[in-house]
Amino acid sequence: MVAMAKERVARDFQPGEVEPFDLQTPYEPVAEPVRAPRPSQSLAPRTATHLTPLSNQLYEGDALGTLQQWEDKTFHACITDPPYNIARDRKGLSWAFSSHVTIDSEWDRYSPEEYEQFTASWLKEVCRTVKENGNIFIFGSYHNIYTIGAIAARLDLRVINSIIWAKPNAQPNITCRMLTESTEQVLWICNNSNKKAKNWTFNYDDMKALNGGKQMRNFWDIPVTPARERVHGKHPSQKPLRLMERLVLCGTNRGDRVMDCFAGSGSTLLACDRLDRRWVGVERDAEYLGIAHKRLDDERRQRRLPLLPR
Ligand SMILES: C[S@@+](CC[C@H](N)C(=O)[O-])C[C@H]1O[C@@H](n2cnc3c(N)ncnc32)[C@H](O)[C@@H]1O
């Protein structure tokens, strides 16, 4: 099985690409993050303006600016967790995330109009760089998921499912004025129009096996990120690996190239690495990139940890 995956991955290797995860080799360090190349720099150029991103590489840069430099249809899938635009509301403890870390960063602060424009711009670029009928998974909460859904509808994208991530151990609501918010959503989109969408990847049997032999539902009861996943530093909205592995397993195949343009601490990328998918991450914050790099490298140093189911 491992040999088959290796063969498949090796076939379409590019010059300069970092070897994908290989169970046979003892320790293969993850490449240091690189600055996203400017259009004038040559990095395996396919056209005058569009470059081929390297697999298993972290890029430091702005999501939109970086995506705009990349060639069309280069990824099999995108799994991403964009800013939720909730920072301005944060005064005390954050309810939405997995530990008592508040979101008050500039990266999460937009006016409603700016947020719509920002979201539409990067989503269009994701659609251009992901193959036709490739999967796009986008995280959100009730604050932003309707905006993202409306934009997807405007772009005539097929929404396959809305997955509910239910957190059994969500933080209590300290105001006691409302229900305790304990869910986030993941929009599962097929990169094609409502009419033409077809043959998207869905690993039905893997999902069923994970659910004890019963069809997997779209309500996923998964605890928030455990402390052991934060040993390399804290990111305010770090997603649990168990959730990310389930998404990767659900909508991608071994050897696929999966992109996360808001990589944060690298949870999508780590899940891909563990499950033998190639990954490409973009993040503009150097500190978060550092955490992602340490997590990925540590994973490789320790070799594989037990995979799903957990
Ligand atoms: C919701 S967090 C992603 C967290 C990630 N899923 C994890 O598990 O660590 C969004 C990330 O996007 C980054 N970000 C925000 N705006 C960006 C932009 N325009 N370009 C690239 N990264 C951006 C932030 O620094 C933040 O780390």
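I began with the shell around the ligand: its residues divide into 6 nonpolar, 6 polar and 6 charged. My classes: Ala, Val, Leu, Ile, Met, Phe, Trp, Tyr, Cys and Pro are nonpolar, Asp, Glu, Lys and Arg are charged, and the others, Gly among them, are polar. Of the 18 residues around the ligand, Asp81, Phe262, Gly264, Ser265 and Ser267 come nearest; a residue counts as near if its C-beta atom, placed from the backbone, lies within 6 Å.

A reminder to myself: this is a predicted model, where local features need pLDDT of at least 70 and side-chain atom pairs 80 or more, while totals for chains, interfaces and linings use all residues. Numbering runs from 1 along each chain as its sequence is written.

Next I looked up Tyr84, which sits in the loop between strand E3 (75-80) and helix H3 (112-129). Helices (H or I, at least four residues) and strands (E, at least two) are DSSP runs numbered from the N terminus. Why do I call Tyr84 buried? Because 22 other C-beta atoms lie within 10 Å of its own, and the cut-off for buried is 20 or more, with exposed at 12 or fewer, partly exposed in between, and C-beta atoms placed from the backbone.

Then I turned to the largest nonpolar core, which has 56 residues, Val126 and Val248 having the most contacts inside it. Helix H6 (residues 241-251) gives the most to this core, 7 residues. Such a core joins buried Ala, Val, Leu, Ile, Met, Phe, Trp, Tyr and Cys residues through C-beta atoms within 7 Å.
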